[in-house]
Structures are given as C-alpha cells and as structure tokens.
Number of protein chains: 2
Amino acid sequence: MQLRTVSELLSQEITFTEITINGWVRTFRANRFIALNDGSTIQNIQCVVDFEKLDDTLLKRITSGAAISVKGELVESQGKGQNVEILVSAIEILGDSDPETYPIQPKKHSFEFLRENAHLRTRTNTFSAVMRLRSSLSFAVHKYFNDNGFYNMHTPIITASDAEGAGEMFRVSTLDAKNPSLNDKGNIDYSQDFFGKETNLTVSGQLEAETYAMSLGKVYTFGPTFRAENSNTSRHLAEFWMIEPEVAFMDLPGNMDLAENFMKFIINYVLEHNREDLDFLDKRLQDEEKTKPQIERSDMTLIEKLNFVTDNHFKRVSYTEAIDILRRSKPNQKKKFKYLISDWGIDLQSEHERFLVEKHFKCPVILFDYPANIKAFYMRLNDDGKTVRAMDILFPGIGEIVGGAQREERLDVLKQKMTDLNISEEELWWYLDLRKFGTAVHSGFGLGFERLVMFVTGMNNIRDVIPFPRTPQNASF
Amino acid sequence: MQLRTVSELLSQEITFTEITINGWVRTFRANRFIALNDGSTIQNIQCVVDFEKLDDTLLKRITSGAAISVKGELVESQGKGQNVEILVSAIEILGDSDPETYPIQPKKHSFEFLRENAHLRTRTNTFSAVMRLRSSLSFAVHKYFNDNGFYNMHTPIITASDAEGAGEMFRVSTLDAKNPSLNDKGNIDYSQDFFGKETNLTVSGQLEAETYAMSLGKVYTFGPTFRAENSNTSRHLAEFWMIEPEVAFMDLPGNMDLAENFMKFIINYVLEHNREDLDFLDKRLQDEEKTKPQIERSDMTLIEKLNFVTDNHFKRVSYTEAIDILRRSKPNQKKKFKYLISDWGIDLQSEHERFLVEKHFKCPVILFDYPANIKAFYMRLNDDGKTVRAMDILFPGIGEIVGGAQREERLDVLKQKMTDLNISEEELWWYLDLRKFGTAVHSGFGLGFERLVMFVTGMNNIRDVIPFPRTPQNASF
C-alpha cells in the first residue's frame, strides 16, 4: 500500500489522474472547500466538493479535526494561494471530530492551552512546523557527523557516577519506596537495589564519550540528559536532549573550528530543506513582536538571525578581553546591565553575552580561556595556572548556545584538581585510565538540542520545542 | 587544524608528500614496524622506523597502547598486507602506556575481561568493529526514515504512565530515599515528589508516537527504553535502545512492507559501507564456530545470514498456519522441541521461530494475526474476535527481531479492552482522545536496536554490542 502525501501532491506535475489522499480537515468553508492536512507539510491541499452531489449527513461530518479519505482528480487550481487542488469525486469519513468537544478549533489558541493538549498540538501550523524543524535538525546533526567521520555512541542513561557535578540528579531505584532495605547503620542498603549501588539519571555523556574518542578517534553522543533542579522557567527542562562530540588529538582552536562548521551546517541544512516552515515561523514571530513595546522588539527577524550565524565568521575573543570590553561598555558605565561588570573572574550573564554579539562585535562570538574556578574539573589548565581551555559560543537573542573545552590530558594535573575539588578517584578510575594509557590532547563540546530548536524556530518557551516537556510538577502524557 | 585519519591515508593516492598522523600503537615489532591505529578503520597503518636514527629511550616508549604522533613520507609498501606505509622521519610520544600495567595486551582477551575494561575495549579489533557497525546502523536508521518522509520524534524518558505493561519499571524520584514524605494514610506522598506524582523510566515510546502519527502522518522514535527485570541472560539489558515507527492510514500489510523494506535497507547499508568490519567479524565468528561441536554450528556465516535477509522475500504466514506447520513438523513429532506445540493459542519460542525460518521456509518470515490474549491491549481486534492484527518478524539464528501491529482505532473496542484488562481510562485520556477526534487506521512496529546489532555483528552476548551495558548488579562506568 503506497500512501500518497499532501507534500507529494503539491510538488508533482499535474497529471489529471484519479488520486486518493487521506488527512485531517483543517477547515471546511462554504460547503465547498476543504483544507486538508496530513502533517507532511505546512501546506493544506484544497479539496473542492460539489455539495449538491453529496449527502447532507456526510457534509455535516466534514468538521475540523475529522479524518477523511478523499478520491478525486488533481487539477490546476482556479483560486489563489495554491497551484493545484482536488476535484472531489468521493469522500469517506474515517474518524469524526465533534466540533462541540474537539479542543483544536480553527482559531488562535494560547500556547498554555496547547501545552495542556500536547497530544493534539501538532495539529496546529505552529507546532507541526516546530516539530518538523526539530526532526530536520536532528537529521542534520547525524548527517554532519556521519559525513565527517564521527561515530555515534550511546552513552548510558542510568549512571552510578555523580562526579560531573553538572547539577542535581534523579535517583533511579527499584527498592521498596516506603520500606527500603537498610544496612546495619540504618542507612539505605543500596547493595539490595537493582544495580547493587545508588544510581541516578545522567547529566552528561561526556566522560564516557572521552573513552570512545580515545580509541575510535571522533565520536558524538545525542541522547537525553537530566537535571532535577526546581527551575520553573521558560529555559529549563528536567529532561532534555544533548549533543556532545569528542575528538582525539584536537586542541581548542580545532574545537572552535569544528563547532563553527557544525553550527553553520545544521542551520544551512534547515534553511535549505525547511523553508516553508521557517517562513511561517518567521511571520509568526514578527506578528508576536508587533504586540511588544518597541524597546523590547528584536533587531532581527528569525531568518535574519539564522543568516547572521551562517554568513558571519565566529569571532574568537578571550574571556579576559571580553571582560575589558564589557567593563568599558556604555551599558556598564551607565549601569544599564542588571549585573554590573567589575572584577575579572565573574561568570557572564546572558545580557553580557548578547551585548558582545549583538552590539559590540555584530557576529557570533566564541569566548575562550575562562577562569578555572567557574568551569568544570576536566578542562585543561593553561600555563597561567588560573584559566582553562574552555570555550562558549554566543548567539544573538539567547547568549550561550555551545559550551566546550580542551580536556585535561595530564594525569598529575587532573588528579590534583580532583583532590582539590574532593572528586573521588576511586569512582573515576576508568576516566583516569585514559590519562595513564596513551593519553593525548582531546576536545569536545556540548549543545543543548532544545536551545538549538528554540533558536531556529523562534519559540520563546522551551516547553514548546519538545513533544512532551518534563518540568517540576509536570510529567503529563 | 585539519586532522588526517588512517582511513584517509589508506584510501588516498600515494603522493609521496610529508604527512603527520596521530594514533595508538597496536604492535611494534623488530624495532622497525609500528602498527598504528586511530579508530577510523579496522586497518592499521604500518610505520617503518629506522631504529639506528632514533634514540633508544624513545624506542622503548613505543609500546602497545601508547599515543604517538608520526611524521614521515607515505610510500608504496614493500611488505605484504598493505598498499601504503609511512617511512618515519620523526616520532613524538604523546602519551605513554606502561606495558606492565596496560590491560589491553596484544593477545586474545576474553570478552568477560574486556567487559570489565569496557572503557578500553574499543581499542581491540572486535569491539572497534562492533561499535563502528553500531554507529553505521544508527545512521542508516535515521537515513531510511528521513529519505522516506518520516519525522523523528523524541518521546519522554520519564513517564507517569505504566499502562503499557511491557515489564517492570524503574522508579524515578527526588524524595528522600530513607525518609520519604508520607500522606495521611501513611503511604508515600508522591505529590511532594519532583513531578508531583509517581514517575518511572519508559518501557516504550509507542503510545506517545501514536499522537504524532495522528498529526504529522509518519513518525519514528529512536531512544532508550528500560526494563527492571532481574534477567541475567545474554539477551537482556536493563537499558536498551528501541526504534519505533508509527504511520497514520497504514494497515497491517502496509506495516509488513515497511518493516521488510526498512530491514533490507539498513542491512544493505552496512554491507555497502562497513565491509571491512563485517569481514573481520565474519572471520571471528567462523573461528568461534570451529571450537563448537558440529551439531551446534550455524549453517550460515555472518555475511550469508545478512544476505539471507537482503536477498529473500519475507514470507507472510498467519499464526494459525504456523501452528499447523509446527504441530506437524518433525521436531515436534519426534519431541525434539523443548516446548512441544499442541494447542492453538500458545506463545512461540525461539526454537519454533528458528525452525520456521531456517528449516521450513528458508527465508525471513512475518507471522501475523496472533491470539489476542498473548498480545498487548492496543492491537486491533480482528472480526473473528480472538486474533489481533499483530505481526512478528523472524530472522535466522535469533527468531523474533521486530514486533508490530495495526493499532485499535475504534474507541468502543479499545475502551472495552482496557476495562477487561483493568487499564485506567483516566490515565490514558489523551490516548483515547486520538480515537475521539479524527481516528484512522494506523500501524507501527518496534525494533530493539541491540538485537539488530547482535544480528549484524554476530556477537552472542548483548553486553558486547552496547558501550556500557546496564544489567542486574552492574552500572559500571
């Protein structure tokens, strides 16, 4: 059974042959024009009905959300807005949709309402466009790495390690929740748990990815990661997907080149393959912007922001230089920043990152050589003894989108750092082994996939770029 | 910094120019020949050293596992076994590897030993080949679906639903493990937990995938799934990856065609792209088979098994017909089956499935229309009232590899089934909504990714086809 899609019909030459197409009714107007959508494209195909030839009971069942099968002839369209349409010869109702109770009416719904109906929200133009783009970005990620000799690696989701310290973790257990096994000292006896020890959901696959980089050379992960932080914001999820490439023999400048090349590729990929969806979301965002006060509006449209990334060289700037620029900047002098820049060593806020990108350099920026004490233990210490070979990539509108580093490959330096930070050598024996046996320079970075989808779609709430978001007090569907 | 790989060097025309290559020493013999590997291919590149020109201390540091950087000229090889080799002009030791303590010696290690050193096992030929194939299969999956108009969808990992009943689940919680919040009745007060209710790790993304199929048309998931079953076998993991396509308007025959087409594509993909790794694993398996008694040896080599799938039509056979064949079969008559076939309605065992594939039909087999009471609640009931539109695909050597079904799209039938099985309508309100608003025929299937990797690589233990396996009492690395 070869199923035709609306996308195929709209892109093919008109052959005036009999066709059958299935889909869901978006609208039915004047008892004559059905806008039919099947999810294959944001476009509907117009099905023209001769109501005099159809049964009245049937006509009444052609309502928004109903699944129908249409037989007819594909012809050049008489109306505006489409090249082809279907002259309907027969309609079968596959599944009714009661207009009194169907949640997705042909009108504007709030995103809050649609989140409560996340199982149906991809029946709207906005969410179908967002999720098609999410899918396309996902494929572009795999394609980029595959084309460039990287191996995909599935790092473990359940982990007994909490060494990375990236955030609060979710405990995974099969012990009786109410009466867990206790040991002699009255503590939980995790030896009785499924894995024989305390386990959590992973916060990152990086450390495991390093083991494969140090044998297969170029690898990447693309999987779910978790944070049990009680952050009820439009930028945080408890469960989100992360992309983490890791490359042996690659130093920090190589890491920057890789990240720039990668980001440009995936954004060019969707510009090329998903133009209709992007144009729709671009217009949506412009309409939304118009409702805001002038001062809060973005300088760039969605498409302009994407081209800002693809068309500009990413400027490399050291953290120290960035701090100088920010300290001397107008918003800092005039105390317009919420967090004023004074001393070297502080972490940058989104407002500072955006200033550098949007106002000062007017291009994507890669900051590097951050203060050691605001970055993770595994980043390579510079000879100055106070900065590490870290890099963050900053984009317009959102600030940091990629974070990476050259890793500390020297056993003695790494051990000292772990001792200083009270990280257990016993737990990370395998990570230290990589420095004992054939260690080498290596680097990688992490990209939060939902942050990327937000940037590309112009959606403002991270809950709206993942099918079924997990946030504090919410694990619906 | 453009990094060269061994794979690139071996496949390029000899240009007699100066090159630099990094990698790990596999062997160093006669103080002259370094076999260097960087993971980009199973092949090593031979680096020829003039030991009289090199320092003795340096020579001693060229040991198995050491990371080195080699400068030299790429020339036509004088020896056998390779076309090109490197005449070394300079060597830098990047990272030593103490031959006294390095676990991966240039000899045969048991798979058990290598599992304990899973962070280093991809430095062996077998495991690097397996993991390159795993990566290639993963890409083939994404490519197939992308090329055929499917959208990739990330279904949730943490779920409040346990309706699918596919198996025991892992609890996900941030409540104090020892002193969890209790309610008035003295039970765990999950309203105090992170998500405000009891949550678990998902066993399948299918139900959620159906929501997207019923709006975007053709979708697929490829993500981790979990079973908290205490099965310490060579075929079970607590954490494994699953591929689940779901298609609107597709019936069971369409589902069979899709699955056959898909399986042939991905296997052809690796036959075309990973021939060296497959040939190595084919030989490995043949060597292993030789150690077994004649009666236990496989009739087919690894490559023959792959061609058995790509070159044969998958035979469609109803469950009822299969039971007839099995009941009348020699092994059943002669009581050679461990589980004898008597009555219609029993579940088939791997021995029965393999008999059908390897002895009776001599091709991959798709069994369909299974007894309703051995299959899941969401499968579409046939008019006979006792079978459902389920299908299993059976492969040589392993039996079932794919399980799928046409889904029950009729609201009343589905509700009755849920009532019969005591499945909460309240919990699955959103799943029922799909049958209330624009329901339609739809189908899909599930493929356990590790089962596929085992089939393609010929590895016998599922712990050896995933980077860091999670099994009862084991969550190492």
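**Entry 1: a salt bridge in chain B**

I looked up B:R115 and found it in a salt bridge with B:D464, with the closest N and O atoms 2.8 Å apart. A salt bridge here is a side-chain nitrogen of Lys or Arg within 4 Å of a carboxyl oxygen of Asp or Glu. This pair links distant parts of the chain: B:R115 sits in helix α3 (residues 111-116) of chain B, B:D464 in the segment after α14 of chain B, and 349 residues separate them. For helices (H or I, at least four residues) and strands (E, at least two) I use DSSP runs, numbered from the N terminus.

Is B:D464 buried or exposed? B:D464 is buried, because its relative accessible area is 1%. Buried means under 20% relative accessible area, exposed means over 50%, and partly exposed is in between, with a 1.4 Å probe and protein chains only.

I note for the record that this is a predicted model, where local features need pLDDT of at least 70, side-chain atom pairs count only at pLDDT 80 or more, and totals for chains, interfaces and linings use all residues. Residues are numbered from 1 along each chain as its sequence is written, chains are lettered from A and ligands numbered from 1 in the order in which they are written, and side-chain values use heavy atoms, with hydrogens and water left out.

I picked two pairs in chain A. A:R410 and A:E408 meet through their side chains at 2.7 Å, N to O. A:E408 counts as buried because its relative accessibility is 2%, while A:R410 is partly exposed at 24%.

The second pair is A:E289 and A:K292, whose closest N and O atoms are 3.2 Å apart. A:E289 is buried, with a relative accessible area of 12%. A:K292 has 24% and so counts as partly exposed.

**Entry 2: chain A overall**

I counted what chain A is built from: 14 helices and 16 strands. Its C-alpha atoms fill a box of roughly 85 × 60 × 45 Å, taken along the principal axes. Chain A has 477 residues, and 60% of them count as buried.

**Entry 3: how the chains are related**

Two copies of a chain are related by a rotation about an axis and a shift along it. I looked up both parts for this structure. Chain B is superposed on chain A by a rotation of 180 degrees with 0.0 Å of shift along its axis, and the RMSD is 0.0 Å. This is the relation of a two-fold axis.

Which residue of chain B comes closest to the rotation axis? It is B:V172, with its C-alpha at 2.5 Å.

**Entry 4: positive phi angles**

Most residues other than glycine have a negative phi.

A:N31 has a phi of about 50 degrees. A:N31 lies in the loop between β1 (18-29) and β2 (33-37) of chain A, and it counts as partly exposed because its relative accessibility is 35%.

B:F249 has a phi of about 70 degrees. Its place is the loop between β11 (239-248) and α6 (252-273) of chain B. At 11% relative accessibility, B:F249 counts as buried.

**Entry 5: helix α14 of chain B**

Why is helix α14 (residues 449-457) of chain B largely enclosed by the rest of the structure? Eight of its nine residues are buried, so the helix is largely enclosed. Among the buried ones I noted B:F449, B:E450, B:L452 and B:V453. Just after α14(B), B:G458 takes a positive phi of about 75 degrees.

**Entry 6: a buried methionine**

I found B:M391 in strand β14 (residues 387-395) of chain B. B:M391 is buried, with a relative accessible area of 0%. B:M391 and B:H352 are 39 residues apart in sequence, and in space they are 16 Å apart, C-alpha to C-alpha.

Note on methods:
Least-squares fit on C-alpha atoms with pLDDT ≥ 70 in both.
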